[in-house]
Amino acid sequence: MSDVASGVANVSARVALSQPGAAAVVRLAAPWFALAVAFAILPVIFTSGSALTMLSLMGIMIVFALSYNMLLGETGLLSFGHAVYYGLGGFLVVHAMNTVIHDRLSVPLPVIPLVGGFSGLLFGIIFGSVSTRRAGTAFAMISLGLGELVASSSLILRGFFGGEEGVSTNRTKLLHMFGLNFGPQIQVYYLIAGWCLLSMVAMYALTRTPFGRICNAVRENPERAQFVGYNPRTVRFIAFSLAGLFAGIAGGLAAINFELVNSSEVGAGQSGLVLLAAYIGGIGSFIGPVIGAVLVTWLEVMLSDVTDVWQLYFGLLFIGVVMFAPNGIAGLIMMHAPLWQARAYGSMLRLALTYLVALGPALVLLAGLILVIEMTYHLSVKASEGTAISVFHVALDAASVIPWVAAAILTLGGFWLFRLTWPVVGAAWHEAFAQALGTRIAK
């Protein structure tokens, strides 16, 4: 009996020792499981074809923005040519799909994005061996030169890039699996969502490895990293190559989604778009580029249907984030983490109410600025079409004085009222954090 009791005690001790590890695993896996569930139920909530298309574009941009964050956010490499690996991955995926179709190979569509990843990795190794010899401004200029080189080559090498028309394919002609031909957008969405989830897990895991920490050390102080035995150039090269891998996967998913890849995929516009997404969301955290990718994709789709100058609004948003929120939207959210950790829910509620008070004047100011921009654009570019214009579903005459006076009142009045709310928000902010600090000290 004593042996049995001893055995039971040993087993109980082992279980008790394993419980913290199991709890840690659950805490680690729970967010990813929740994300997988969210990806699964989103098409149930948003059932329209346009919504599925937008969700697919968001998934692609999330992978692309996170791959860019491996350069800028993790390693401190500002690249102006990241679309090269996105676009080349897309082109090689299209050519691979056409080869599979022509030769009747038994290759299913879900594995095709691996071709894009391999392509991005290959070109990341080739171009990275040159560009990562330098950092800072020199690296940024080299990346810009390589981007322009590939973009101009895409219009010259018509046999591979297809010229201005690009290269098309048909995803439904590949090997069907489980009765799926990936013709309906819902099937394509789940394919993109699956690859998006796998890529996010892989990139997050990389940030938690010793290599990810070394990347952060090279970003902060490359001289000190070299002093302790790590070659900054090697670290930059590996990070650059891995970023190219995931950018190639994103490009391959885009090729599958659109069944067409053209020269714009490797151009400066695409590189600028991923820079906007990563920076607006926040390059200081893993979740930042995800937020930025979702927001930028939504704005790109929605604003392009509403106004012709949607890119101007993107630029103004980027300038505003750089000036007033350099850590991005994620940084603004994380500023409130101490309140949540201190469980200062009352302070958080009062602070939220002051934000709502400031939101009203801010929206008035925004409406005035939009009115000025739209009327100025219409009179300067579309004057031949007449002076009638519709803003916020309100018919206006851009040549009349009344709309300009209204725009001035909205802009100046909104700014004045918004400025009056700043001391209120500041006082609520300091009070909330003082109470949170007091709560933590008391505990």
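Where is the place of Phe182? In this predicted model, Phe182 lies in the loop between strand 1 (167–168) and helix 7. The points below treat backbone angles, helix packing and cavities in turn.

**Backbone angles**
- Most residues other than glycine have a negative phi.
- Phe182, by contrast, has a positive phi, near 60°.
- Phe182 is buried, because its relative accessible area is 6%, under the 20% cut-off.
- Glu259 also has a positive phi near 60° and is found in the loop between helix 10 and strand 2 (260–261).
- With a relative accessibility of 22%, Glu259 counts as partly exposed.

**Packing of helix 2 and helix 10**
- Helix 2 (residues 49–75) packs with helix 10 (residues 232–258) at an angle of about 170°, and their axes are 9 Å apart.
- The two helices are therefore roughly antiparallel to each other, since angles over 145 degrees count as such.
- Residues making this contact include Leu57, Ile60 and Phe64 of helix 2 and Phe240, Leu242 and Phe246 of helix 10.
- The contact residues divide into 16 nonpolar, 4 polar and 1 charged.

**Cavities**
- Among the residues lining the largest cavity are Met70, Glu74, Phe211 and Cys215.
- Helix 2, helix 7 (185–207) and helix 8 (210–220) each supply at least two residues of this lining.
- The lining of the largest cavity comprises 5 nonpolar, 3 polar and 1 charged residues.

How values were computed:
Residues numbered from 1 in each chain as written. Predicted model: local features only at pLDDT ≥ 70, side-chain atom pairs only at ≥ 80, totals over all residues. Heavy atoms only, no water. Axes fitted to C-alpha atoms, helices over the stretch in contact; angles between N-to-C directions. Helix = DSSP H or I, 4+ residues; strand = E, 2+ residues; numbered from the N terminus. Parallel < 35°, antiparallel > 145°, perpendicular 65-115°, else oblique. Contact = heavy atoms within 4.5 Å. Nonpolar A, V, L, I, M, F, W, Y, C, P; charged D, E, K, R; others polar. 1 Å grid on protein atoms, 1.4 Å probe; cavity = no way out; pocket = protein on both sides within 12 Å on 5 of 7 lines; lining within 4 Å. Buried < 20%, exposed > 50% of the residue type's maximum accessible area, 1.4 Å probe, protein only.
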